[in-house]
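These are my notebook entries on one structure, kept in the order in which I looked things up.

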Amino acid sequence: MTPDLPYPGFLASEFPPAKPEDALFHVIPFPLEKTVSYGGGTAKGPAAILQASQQIEAFDGNACPGEHGIATYGQAPCDEDIETALDTVSALTRKVAQSGGIPIVLGGEHTVSFAPVRGLKEAGLDFGVVQFDAHADLRDTYRGSRWSHACVMRRIYELGVPCFQIGIRSLCYTDHAFRQENGIGHLDACELARNDFPENPLPVDFPKDIYITFDVDGFDSSLMPATGTPEPGGLFWHDAIFALDKLVKGRRIIGFDVVELAPQQGLHACDFTAAKLVYTLMGLAAPDTTHG
């Protein structure tokens, strides 16, 4: 167990937990769950990912990204109102970015993604957000809240951060109209089912630095049933990994999150899938990884 933490540090079974000043990767558990609209349980997601990470191999097939140092933080406070909780994590991710680290947020509902994106923006970085998801999350409000998980990409777009969506297969007309009116790029699930993932998926003017937000319901519900709003017709493991490989060519990942895991008893494969996704993204973000 990591000292003073109620859970093990990420992949502490292979790498001794690093001090923040010695780590490239800064793992921030953020178990926010205040606006879920179907199945619950996302508050248990971060701890499940950290527990499952103990079973991951240190070698990811190319290198051992954990050698760059992994610092796992204490659980971000979620007892306050949503905006206060988001403010706390924004300040922390800003500090991480300013020190040269890569923030990694484990959710929690998708609302948590706003905090690290704002923190990176406040750190003065120029970047775009790539979203893997079943849902567009572009509503202005949902069930009376501007901070619903169904509104997170709208709030991010309002920060002036370019966005690109991958795997969407469920959106309301308001979502559709907003992304059409604002030119938000996308490769929806139906298009990906019909065609190969393009070699150069992002627009030519999209920023070279990217932040990745990965809602696990972007995976097909047969692979990832442990999520609050599952949708059929999503990505399978290698679909997602091949897509990520192409996305990062010539680019740099400056941070990422994995959100919306709602662990279910007896389905530890889902926890492990989410944990392995985190480590795969670490490998893609590591400075010694070749991205073309």
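**Entry 1: helices against the sheet**

I began with H8, which lies across E1, E2, E3, strand E7 (209-215) and E8 and runs at about 175 degrees to E8. I note here that I am working from a predicted model. I then looked up H1, which lies across E1, E2, E3 and strand E8 (252-259), with a direction at about 115 degrees to E3.

How do the axes of H1 and H8 cross? I found that the axes of helix H1 (residues 45-52) and helix H8 (residues 268-285) come within 8 Å and cross at roughly 75 degrees. I therefore recorded H1 as roughly perpendicular to H8. On the H1 side I listed Ala48, Ile49 and Ala52, which meet Asp271, Phe272, Ala274, Ala275 and Val278 in H8. Sorted by class, this contact has seven nonpolar, no polar and one charged residues.

**Entry 2: the sheet**

I traced the strand order next. Eight strands form an open sheet with parallel pairing, in the order E2-E1-E3-E8-E7-E4-E5-E6. Which strands stand at the edges? They are strand E2 (70-72) and strand E6 (185-187); each has a single partner strand, so one side of each is left without a neighbour in the sheet. From one strand to the next, I noted an average twist of 20 degrees.

**Entry 3: strand E4**

I turned to strand E4 (residues 128-132) and checked its burial. Five of its five residues are buried, so the strand is largely enclosed by the rest of the structure. As I would expect, side chains in a regular strand alternate between the two faces of the sheet. In E4 both faces are covered, with Gly128, Val130 and Phe132 buried on one side and Val129 and Gln131 buried on the other.

I then recorded the partners of E4. Five bridges join E4 to E7, and the two run parallel; here Gln131 stands opposite Thr213 in E7. With strand E5 (residues 163-166), E4 pairs in the parallel sense over four bridges, and Phe132 stands opposite Ile166 in E5.

**Entry 4: His110**

I located His110 in the loop between strand E3 (102-107) and helix H3 (114-122).

Which side chains make polar contacts with the side chain of His110? One is Asp137, through a polar contact of 3.1 Å. Another is Thr213, at 2.8 Å. Thr213 is also the residue that stands opposite Gln131. Leaving aside neighbours within four places in sequence, I found His110 in contact with Gln131, Asp133, Asp137, His149, Val152, Thr213, Asp215, Val259 and Glu260.

**Entry 5: helix H3**

H3 is mostly covered, seven of its nine residues being buried. I listed these as Phe114, Ala115, Pro116, Val117, Arg118, Gly119 and Leu120. Just after H3, I noted that Gly124 takes a positive phi of about 90 degrees.

Note on methods
Residues are numbered from 1 along each chain as its sequence is written. This is a predicted model: local features need pLDDT of at least 70, side-chain atom pairs count only at pLDDT 80 or more; totals for chains, interfaces and linings use all residues. Side-chain values use heavy atoms; hydrogens and water are left out. Axes are lines fitted to C-alpha atoms, for helices over the stretch in contact, and angles run from 0 to 180 degrees between N-to-C directions. Angles under 35 degrees count as roughly parallel, over 145 as roughly antiparallel, 65 to 115 as roughly perpendicular and the rest as oblique. Contact means heavy atoms within 4.5 Å. Ala, Val, Leu, Ile, Met, Phe, Trp, Tyr, Cys and Pro count as nonpolar, Asp, Glu, Lys and Arg as charged, and the others, Gly among them, as polar. A polar contact is a pair of N or O atoms within 3.5 Å; within protein, one must be able to donate a hydrogen and the other to accept it, and residues adjacent in sequence count only if both atoms are side-chain atoms. Two strands pair if DSSP finds at least two bridges between them. Buried means under 20% relative accessible area, exposed over 50%, partly exposed in between (1.4 Å probe, protein chains only).
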